[in-house]
Each structure stands twice: as structure tokens, then as C-alpha cells.
Amino acid sequence: MSGYMAALYENKMMSSGENLLTAIVPLMKLLSLIVIGLVLAHPKAQMIPRETFRLLSKLVFALFLPCLIFTELGESITLQNIALWWFIPVNVLVSTVIGCFLGVAVVLICRPPPQFNRFTIIMTAFGNTGNLPLAIVGSVCHTKDSPFGPHCHSKGVAYVSFAQWVAVILVYTLVYHMMEPPMQYYEIVAEGTEIEEQPVSNVSRPLLVEAEWPGIEEKETEHSKTPFIARVFNSISSLSQTTFPDIDLGERSLSSPRSIQCLAEPRVVRRIRIVAEQTPVQHILQPPTIASLFAIIIGMVPQLKAFFFGYDAPLSFVTDSLEILAGAMVPSVMLILGGMLAEGPKDSALGLRTTIGITVARLLVLPLLGIGVVALADKLHLLVQGDAMYRFVLLLQYTTPSAILLGAIASLRGYAVKEASALLFWQHVFALFSLSLYIIIYFKLLTYI
């Protein structure tokens, strides 16, 4: 009997060790790629110039990532799958809402400088739902003893890609407006002598600014670096009216006939329309989003899908070519991340306490809440039954650091650019440890499914 118990204990210990190794090895692969990128881009070594990493980021954005999304999502998605996968985009919204509440808690506890209150909430709420989860899924599925079974990579990439359109819409609408410069801060700058803005060269622009949005300098508009919503909705003081140019609200004059005034657009509706017109929704149609739309449309129509996917498909050679290009996405993203970390943290006025608060809330507290949300959804039978990869992707949405795209939005709005750079640097450094911890936990939890 004692021999049986000893053998059982030994098998259990070996199984635990194998599970631990299976969870750690994928991250070690990604870490190796990051280290290679860091060494290549380090200022002392200067083996590869920063401009090369910028070109690589453009290739990822415009070619490698769209190819990966189209080939994997297009092959996996069907009308039936859309009905089964509905909780994936909903989970992005849920994680964002929970993150916003955590951000408010960080503001109340850590008390950052007042001009960074909205920045603190945004950086806590919006995680990386694109490149980093795709890299983690690709590395996990590349492991021989992956617990996710056959078609691991195709399913994982399809799940992550299906959530991206929600995240992109949130970034270019809600995040864009919440990252506008605070009114008081803008007025303090404007009260002094007029300062001529110096153009920022590509050499001085941080790599993270263009890591997920190349060509951002071409997207600036007349109001992108101004507190536009505050100017539209708030009652502006006489000093502010002399500081800012007038905004044409299209107001009717008081001398207009009463019948015309009654038909006039209500003031609140008019102001909402003006803000909506200044929302850069056109940027939503970026190459990865367009690839997702094409993949969903083609995947839902069996006749079109038969032209692109399958061994005997007439255009299978095109799909195979795109798949070859898609293979470069994960190593390229990790090399770019290493190049970003090689630049080091920038000076930040956010404060050490707030930086730690955001990092702890985003990387340690939010994943715990995510486990509860996914467990509750599973208990309510909202998830695909018996699909471990489905649950793993849902959990990853709570685990990743803040989206690198937030650094690009900060640069576009001219708000907390250095603070975003420094915070993203430290978050990605500590994410190496938090991701390792939670992936081990996730693998342990998913073995019971």
C-alpha cells in the first residue's frame, strides 16, 4: 500500500513539474526574442539603427499582422462560430469597465498629479488585446506538450483576432477623447508667451509611439492637441475665449423667426454632433481591421470561403503565400518590443507611487478579477463547452500590460507622452514576471476543464 502511495505521489510531482515546464517554456521563447531585439537596438551596441525597427513595425502593421489575421480567422470563422464566440468581444468590454473602476481606485489611493487622473484610469483600463496575446498564443501552441489539443494555433489566433475590432473602436473613440489635454493644464500653458512648437523628428520620437501605429505624425488634425470637448461643452471664461479660437457651433441668431428657432437643432445635440465629427473614426479602418472584416465576410459565405481555403481551393496559392508572410509576425513583434525596451524609461512626472499603483492594478489585481469573471461566465454556460483555448484567450485579455497603442494616442493628443513611455516600459518589464505567474495558474486551472 505504501509503495502504491509513493508511486502515486511521484507521478503527481512529475505531472506538476511537466505542467510548470509547459507553462514556462513558451514565455522563455518570447523572452529570448525580446533579448535579441534589445541587444540589437541597444544604444551602446548600435548593431541595428532605430530606423530599421520603425520600418519593421510598419511591415508588422501593414503586412504581417493582416496576413496572420486573414489566414487564421478566415479559415476558422463561420456563422455558427460567430454565434458561439459572442462572449469574446463582450469580455473586452467587461475587462475595460473593470479596469476603469480599478483606475479610479488607483487615483483615489495614489493621488497622482491632477492633470494625470484620466491618464491613470486609461492606462489601467485598456490592455494589449492584439500583438502580445497573438505572440503568447503562437508560442504556447509551438510547444510540443501544449494542453490545447489540435488546431491550437488556428483557434487561438482566430479568437484573439475576433476581439480586436472592439478594442480598436474603443481606442479611436473613448480613449481618443479621454486622452485630450486637461483644460486647466492647457490654459496654464497658453497664458504665457506664445511658444512655437518644434517639429519632432523621427530620430527623437520614441519607438513605442509608432510600434503599433506607424505614420502617426500624419494623423494630426487642427484639434488633436487641444481640449476640444472641454471647449465645446464647458462654459469658457472670458480669458479662455481670448486664448482659444472660437468654435463654430452653428448657433442661430436671436433675430431669427420663432418658427425657425423651434426647428433648430437642440444645443446639446449640436455639441454632441460636433464632437462626433472630430472623432477619428476613419482611423478604425487600418490594415489589421480591414483584414478582420474581409476574413469575417469570406468566412461567413461558404462559396467565397471555398475559393480561398482548402487543399483544392482555386486561390489556395494566395492563402499559402499570405500564411508564409504571417509567420514573420510573432518574431518581428518581439524584436520590436526588445527595441522599445532598449530605449529605457523616459522622465516622468507621474510619480513612483502612481506608477506602482497602475502596474499592480493592471498586472496583478485585474487578472484575479478576470479569473472570477471567466469562472462565472463558465458557470452560466456562456462559453464554448470544453474549449480550453477559448478560456485561455479570455483570461489573457485581463493579464496583458497596457496597450502600446496608448503611447501613440498620447503622442497624437500631446498629453502625457513621457509618462506613457515610462509607464509602458516598466509595465512590460514587470509583465515578464506577472505573465509567467498567471500563465502557470491558467494552465493549472484549465487542466480541470
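**Entry 1: α6 and α7**

I began with helix α6, residues 131–141, and helix α7, residues 152–178. In this predicted model, their axes lie 9 Å apart and the packing angle is about 170 degrees. Angles over 145 degrees count as roughly antiparallel, so α6 is roughly antiparallel to α7.

Next I listed the residues that make the contact. From α6 I noted Pro 133, Leu 134, Val 137, Gly 138 and Cys 141. From α7 I noted Cys 152, His 153, Gly 156, Val 157, Val 160 and Ser 161. I sorted the residues of this contact by class: seven are nonpolar, four are polar and none is charged.

**Entry 2: α20 and α21**

I then looked up another helix pair. Helix α20 covers residues 405–413, and helix α21 covers residues 417–446. Their axes come within 8 Å and cross at roughly 170 degrees. The two helices are therefore roughly antiparallel to each other.

Which residues meet here? On the α20 side I found Gly 407, Ala 410 and Ser 411. On the α21 side I found Val 417, Ala 420 and Leu 424. Four residues of this contact are nonpolar and two are polar, with no charged residue.

**Entry 3: salt bridges**

How many salt bridges does a search of the whole structure find? I got two.

One joins the side chains of Asp 387 and Lys 155, with an N to O distance of 3.7 Å. I checked where the partners sit. Asp 387 is in the loop between α18 (352–379) and α19 (388–396), while Lys 155 is in helix α7, so this pair ties together parts that are 232 residues apart in sequence. I also looked up their accessibility. Asp 387 has a relative accessible area of 9%, so I logged Asp 387 as buried. Lys 155 has 26%, so I logged Lys 155 as partly exposed.

The other bridge links Arg 391 with Asp 378. Their closest N and O atoms are 2.9 Å apart. Arg 391 belongs to helix α19 and Asp 378 to helix α18, so the pair ties together parts that are 13 residues apart in sequence. Buried or exposed, I asked of Arg 391? Arg 391 is buried, at a relative accessible area of 3%. Asp 378 is partly exposed, at 27%.

**Entry 4: Ile 48**

Ile 48 lies between α1 (2–41) and α2 (50–76). Its relative accessibility is 26%, so Ile 48 counts as partly exposed.

What does Ile 48 touch, leaving out residues up to four places away in sequence? I found Leu 40, Ala 41 and Phe 53. I also checked Ile 48 against Gly 37, which is 11 residues away along the chain. Their C-alpha atoms are separated by 9.3 Å.

**Entry 5: the whole chain**

The chain has 21 helices and zero strands. It holds 449 residues, and 49% of them count as buried.

Last, I looked up the surface. The chain exposes about 22200 Å². Carbon and sulfur atoms supply 66% of that area.

Conventions: Residues numbered from 1 in each chain as written. Predicted model: local features only at pLDDT ≥ 70, side-chain atom pairs only at ≥ 80, totals over all residues. Heavy atoms only, no water. Axes fitted to C-alpha atoms, helices over the stretch in contact; angles between N-to-C directions. Helix = DSSP H or I, 4+ residues; strand = E, 2+ residues; numbered from the N terminus. Parallel < 35°, antiparallel > 145°, perpendicular 65-115°, else oblique. Contact = heavy atoms within 4.5 Å. Nonpolar A, V, L, I, M, F, W, Y, C, P; charged D, E, K, R; others polar. Buried < 20%, exposed > 50% of the residue type's maximum accessible area, 1.4 Å probe, protein only. Areas by Shrake-Rupley, 256 points an atom, 1.4 Å probe, with all protein chains shown as cover. Salt bridge = Lys/Arg side-chain N within 4 Å of Asp/Glu carboxyl O.
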